Structures are given as structure tokens and as C-alpha cells.
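Open the model in your viewer and keep the selection tool handy. We will go stop by stop, picking something to highlight and then looking at what is around it.

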Amino acid sequence: MVDPNDWRQICADYLSVSSYDRATLDAIWEDRDYDPKTRPETYLSYPEALARHELGPPEPPAESPSLWEVLAARRSKRNYLPEPLTLTELNLLLWSSQGITGDKGDYQLRTAPSSGALFPIETFLFVQRVEGLEAGLYHLDVKGWALEALQLGDLSDTACEIALDQEHVRKAGVTFLWTAVMERCRRKYYERAYRYVWWDVGHAAENLHLAATSLGLGSVSMGAWYDTQAHELLGIDGTDHFTVLMASVGRVEGSDWEADRRA
Ligand SMILES: Cc1cc2nc3c(=O)[nH]c(=O)nc-3n(C[C@H](O)[C@H](O)[C@H](O)COP(=O)(O)O)c2cc1C
């Protein structure tokens, strides 16, 4: 076990080990090869899920603000009303962050870019207030475009606890919990992959925030969560498959959300 007091050295070592340097890069990669034909499975699904909810094609509203208006309006908003999201809104949020938009035959492309088109990110959801969808913990089956229920019931306390007791999570319509399946990216990029997965999730998250803004919803990313508790809940090992970001989304009204800005 590493000594956590050595964290500065450990982090410095990591940055050094995963840095590219013109003088050494070719030698390091000389014995490495990558065969896309033997790449790890890109799509995770849970055939044993308690229930499966087909999402169907996303249906954007007839009218939306322009991209430029959305960019100017995006703000982290946490002061959610206790009113549910619609399934159409949830479908659009999911599609914006991870929907498939291109087919290259043996791989597909999505709304968000991914390093090497390897798509290591998985989406789990705490559904709390969504019309027509039972509360619970769900996983997004990206290829089948469906939500798979892993636990049913009110998990708002659990979600809030995992997010370091951030109260907006308890009030959210839905909370995203993104994970990375490391080997999808690591098989090709080795140590550098430990940078790529964070960039991948950042792209997906910003798409989510822009979609939420466009729909008039509030959303906020969360970098603070109890990793070990989240991994236990999801039944993942925290090493080869681990959590990389959270975000809550909810309905907001007017400029009420300004009251929740921190000093
Ligand atoms: C990676 C990341 C992690 C964040 N973590 C949290 C968080 O745990 N809790 C929270 O309330 N806000 C969190 N935020 C939101 C920031 O506080 C917010 O983006 C920042 O104050 C700038 O405000 P704006 O997003 O409204 O422009 C996070 C943002 C990012 C990008």
C-alpha cells in the first residue's frame, strides 16, 4: 500500500510517467502494438437488470435558443424545484452526452468526442424525479438506447451521501454518475490513457450542460464524491472500472438559483 502522505511525489511521478517526450517516445512505443480487432468490448449492458426502459429516438423541441445564446446562458445551477423532468428531456440529456450519431461499421461515433474513438465512459443515473420512470439506479445501454434498472426505489439519500452530502443532489430530477472502463482506452494508449478518460468525461459533461441549458434546466458538475461508496454501490472494482465525474440536473425557475452561488 502506498503512503498517502507521499501524494505529491505520487502525482508528480504519474505526470512524469504519462508525459510524452520526443527523445524517448519512440523507444517506449517500439514494442507496443494495438490491434483494433482484438479491442475490449465497447458496450456494457446488464441483461439481468430489474427492468429495461427503451428510450426511443430523442425528440428535440420544435424551437430552441441558438448555440450562442446557450453558451452565454450556461451556469452551474443547484437550486432545484421539486418538479419532475419529462422522459423526453431525460432522453435528450442522455443523447447529448453519449448518443450514437455515426456508424463506421465496426465502431460507432457519438455526440461527444472520445480519444481514439474508444469510448471508455459509462453512464449511471440516480433517477429521482422523472415522469413515467420509477425512481432508482439505472445504467444507460448506449448501443440498445435503453435504461437498465439496477436498483429500484428512492435512493436520494444514497446519492446525496455519495456526493459528499451536497443537498442539491437530493433535490435533483436526475444525477449522472459517470465511470471509465480503463482497458478500452488503456489497451491502445497505455499510461497516457489515464489522462484521456478524464478528458473524455469532460466533453460528455459539457454536452450535458449545454443541452440542459437549452432545455431551460439547471445542472452542475461534481468533482467531489466518495469514490469507495460509489464503487460499492455500482459493484465495480475502483481500479479497472472507476467513477470519473458526477452531475445533477433539475428544474429551476427564474434566477432563484443565484441564491445558491457560493461566496
Ligand atoms: C470538474 C468540476 C467539478 C465541480 N465540482 C463541483 C462540486 O462538487 N459541487 C458544486 O456545487 N459545483 C461543482 N462544480 C461547479 C463549479 O463550482 C462551477 O463550474 C464554477 O463555480 C463556475 O461557475 P459556473 O459553472 O456557473 O460558470 C464543478 C465544476 C467542474 C468543472
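**Stop one: a loop residue**

Start by selecting Leu50, which sits in the loop between helix 2 (25-29) and strand 1. Bear in mind as you look that this is a predicted model.

Leu50 and Leu150 are 100 residues apart in sequence, yet their C-alpha atoms are 6.0 Å apart in space. Setting aside neighbours within four places in sequence, Leu50 is in contact with Ala149, Leu150 and Leu152.

**Stop two: the sheet**

Next, select Ala51 and look across to Ala149 in strand 6, which stands opposite. Strand 1 and strand 6 (residues 146-152) run antiparallel and are joined by four bridges.

Zoom out to see the open sheet of seven strands, in the order 1-6-5-4-7-9-8 and with antiparallel pairing. Strand 1 (51-54) and strand 8 (217-222) are at the edges; each has a single partner strand, so one side of each lacks a neighbour in the sheet. From one strand to the next, the twist averages 25°.

Then highlight helix 8 (residues 193-214), which packs on the sheet and touches strand 4 (121-127), strand 7 (174-181), strand 8 and strand 9 (241-251). The directions of helix 8 and strand 9 make an angle of about 10°.

**Last stop: the ligand**

Finally, select the ligand. Around it are Arg75, Ser76, Arg78, Gln166, Val220, Ser221, Met222, Gly223 and Ala224. This shell divides into three nonpolar, four polar and two charged residues.

Conventions:
Residues are numbered from 1 along each chain as its sequence is written. This is a predicted model: local features need pLDDT of at least 70, side-chain atom pairs count only at pLDDT 80 or more; totals for chains, interfaces and linings use all residues. A residue is near a molecule or strand if its C-beta atom, placed from the backbone, lies within 6 Å of it. Ala, Val, Leu, Ile, Met, Phe, Trp, Tyr, Cys and Pro count as nonpolar, Asp, Glu, Lys and Arg as charged, and the others, Gly among them, as polar. Two strands pair if DSSP finds at least two bridges between them. Helices (H or I, at least four residues) and strands (E, at least two) are DSSP runs, numbered from the N terminus. Axes are lines fitted to C-alpha atoms, for helices over the stretch in contact, and angles run from 0 to 180 degrees between N-to-C directions. Two residues are in contact if their C-beta atoms, placed from the backbone, lie within 7 Å.
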